[in-house]
Amino acid sequence: MTQSIKLEDPRLFRQHAYIDGKWTYGDGGRDEAVTDPATGEVLGHIPLLEADQIRGAVDAAETAFVHWRALRADERCERLLAWYDLLQAHREDLATIMTLEQGKPLPDARGEVEYGASFVRWFAEEGKRTFGETIPSHIPNAALGTLKEPVGIAALITPWNFPLAMITRKAAAALAAGCTVIVKPANETPFSALALAELAERAGIPAGVFNVVLGDPPEVSRILCAEERVKALSFTGSTRVGRLLLEQCAGTVKRVSLELGGNAPFIVGPDMDPKEAAFAAVAAKFQTAGQDCLAANRILVHESIHDEFVEHFAERMAALTVGNGLESEVDLGPLIHGQAVDKAASIVDDALSRGATLVAGDQNQAPGPNFFMPVLLTGVTPQMQVWREENFAPVAGITAYADDDQVIEMANDTEYGLAAYVYTHDIRRIWKLLRALEFGMVSVNSVKMTGPPVPFGGVKQSGLGREGGITGIDEYLETKYYCLGALGSVSGS
Ligand SMILES: NC(=O)c1ccc[n+]([C@@H]2O[C@H](COP(=O)([O-])OP(=O)(O)OC[C@H]3O[C@@H](n4cnc5c(N)ncnc54)[C@H](O)[C@@H]3O)[C@@H](O)[C@H]2O)c1
Ligand SMILES: N[C@@H](CC=O)C(=O)O
């Protein structure tokens, strides 16, 4: 049965791809159902495009690039600000679409719309500051400098856990730089991307500048990666798929930006109030039901406060409500699909078989097949999957440590390097950990760390490049050096 979706503006719910300013069916007649993970009901269908249609999107982006790059930066800024205003005006509908397709609680979905829109405003302004340099010349009678130019068409491939913000953080930067984009959202959450396209059109972003393609993910990605005319690939998703796409881009030597998985340590120092730290750890672990690249995956607590910390953590965790994200008072929605539930269960089983203790988490209480009740494990060790893998589920694992050197070694014992949390008020310990932790982002005494002004990204196998901040736009810019020679006598050359 198809669930009826009630929106203030029903035109925001689109079930077609968006290419060259047109809503498009699949030429081969293939389509795919999109379901609400909370209820299993079908929300709608998306077309699976054929290879020629994906290439058609590249044609459209190529043609549109000529005019879009030629606009002045302030003209592109105005269109992006109009898009921002529309995202704000339709916040409630966008949040409803997101909760239906992704499952996150409505207040979190509203927060993501706000968060996603904030990147559009940020990059609208940053586009006006893509300054080149003047270079003191070593060549007689010459003037040297650099210009910043858009790289060209950018393919943006995004995940289902943040269906809107992961697109705007890329697209706004690319569009502000003067690039045109082809977005391939996750098939689980296409409707947020299509609503973004509808609003981009209303904002006066010309046909071909912002395209959304849908299809079989490996097929679509392979075409976009192999296309010589696509100059940049920006991918957010798992490290496994990121590696694959990096290889696929080698043939055309593309600019590649990767925002991949995380396995964040959450370190609690001996000086911390165990209750305060435990409450913060619960907030850092269970956002988006644990399906967050920043989720506190490995909670490392000084042995002197470990037991008290565990008690407070369990108490706070027990107060979390699991249910349909459309209902009020829900803290955790469903996982995205049945495989995610199976993976969570197998990670818990693996930990228990290797000696972890189950403190809380009874799956008999789950309100539906895609739901997973929060789990607390203690005695977690580096041999367990819950330590080694990004569990992407509401499964919290706690480990005790003895001193700073040991916790640094434990925290860095992962192929991932996205984000780390440190909770302590000891300034020497803070500085030592900050310098020693092999992560792209370290947040001290704060669960919240993201937002438009910050350079978001990881080291090691968590990615390449940074999004947001004053450098995020550089992922979509080339530096062109110029030498103006034979100028006659140039003062200062
Ligand atoms: N670092 C960050 O900023 C960040 C942000 C959000 C999510 N993530 C990561 O994303 C992952 C969860 O998202 P996911 O499950 O959607 O990731 P995923 O890698 O499975 O999918 C991401 C995108 O790639 C596509 N895809 C899937 N398989 C593919 C294949 N074989 N070939 C080509 N494309 C393919 C998907 O359709 C989707 O659009 C987690 O690892 C999470 O940490 C990272
Ligand atoms: N919370 C992250 C998304 C990771 O999954 C962000 O802010 O980008």
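Predicted model: local features only at pLDDT ≥ 70, side-chain atom pairs only at ≥ 80, totals over all residues.
A polar side-chain atom of Y115 is placed 2.6 Å from an oxygen atom of ligand 2, while for N161 the corresponding distance from a polar side-chain atom to a ligand oxygen is 2.8 Å. In the case of R169, an N or O atom of the side chain is 2.9 Å from an oxygen atom of ligand 2. Ligand 2, which exposes 260 Å² when taken alone, has 96% of that area buried by the protein.

Ligand 1 has a shell of 29 residues, of which T158, W160, S238, L260 and E390 come nearest. Sorted by class, the shell around ligand 1 holds 17 nonpolar, eight polar and four charged residues.

The polar approaches to ligand 1 involve both side chains and backbone. An N or O atom in the side chain of K184 is 3.0 Å from an oxygen atom of ligand 1, and a polar side-chain atom of S221 lies 3.1 Å from a nitrogen atom of the ligand. From G237 it is a polar backbone atom that is found 3.4 Å from an oxygen atom of ligand 1. Of the 840 Å² that ligand 1 exposes when taken alone, the protein buries 89%. The elements that each give two or more residues to this shell are the helices α5 (165-177), α7 (217-226) and α8 (239-250), together with the strand β10 (230-236).

The cysteines remain to be considered. The structure holds zero disulfides, a disulfide being a covalent bond between the sulfur atoms of two cysteines. For C225, the closest cysteine sulfur is that of C249, and because the two sulfur atoms are 3.7 Å apart, they are too far from each other for a bond. C225 is buried, with a relative accessible area of 1%, whereas C483, at 37% relative accessibility, counts as partly exposed.

Technical notes: Residues numbered from 1 in each chain as written. Chains lettered and ligands numbered in written order. Heavy atoms only, no water. Polar contact = N/O pair within 3.5 Å; in protein donor to acceptor, adjacent residues only side chain to side chain. Areas by Shrake-Rupley, 256 points an atom, 1.4 Å probe, with all protein chains shown as cover. Disulfide = S-S within 2.5 Å. Buried < 20%, exposed > 50% of the residue type's maximum accessible area, 1.4 Å probe, protein only. Near = heavy atom within 4 Å. Helix = DSSP H or I, 4+ residues; strand = E, 2+ residues; numbered from the N terminus. Nonpolar A, V, L, I, M, F, W, Y, C, P; charged D, E, K, R; others polar.
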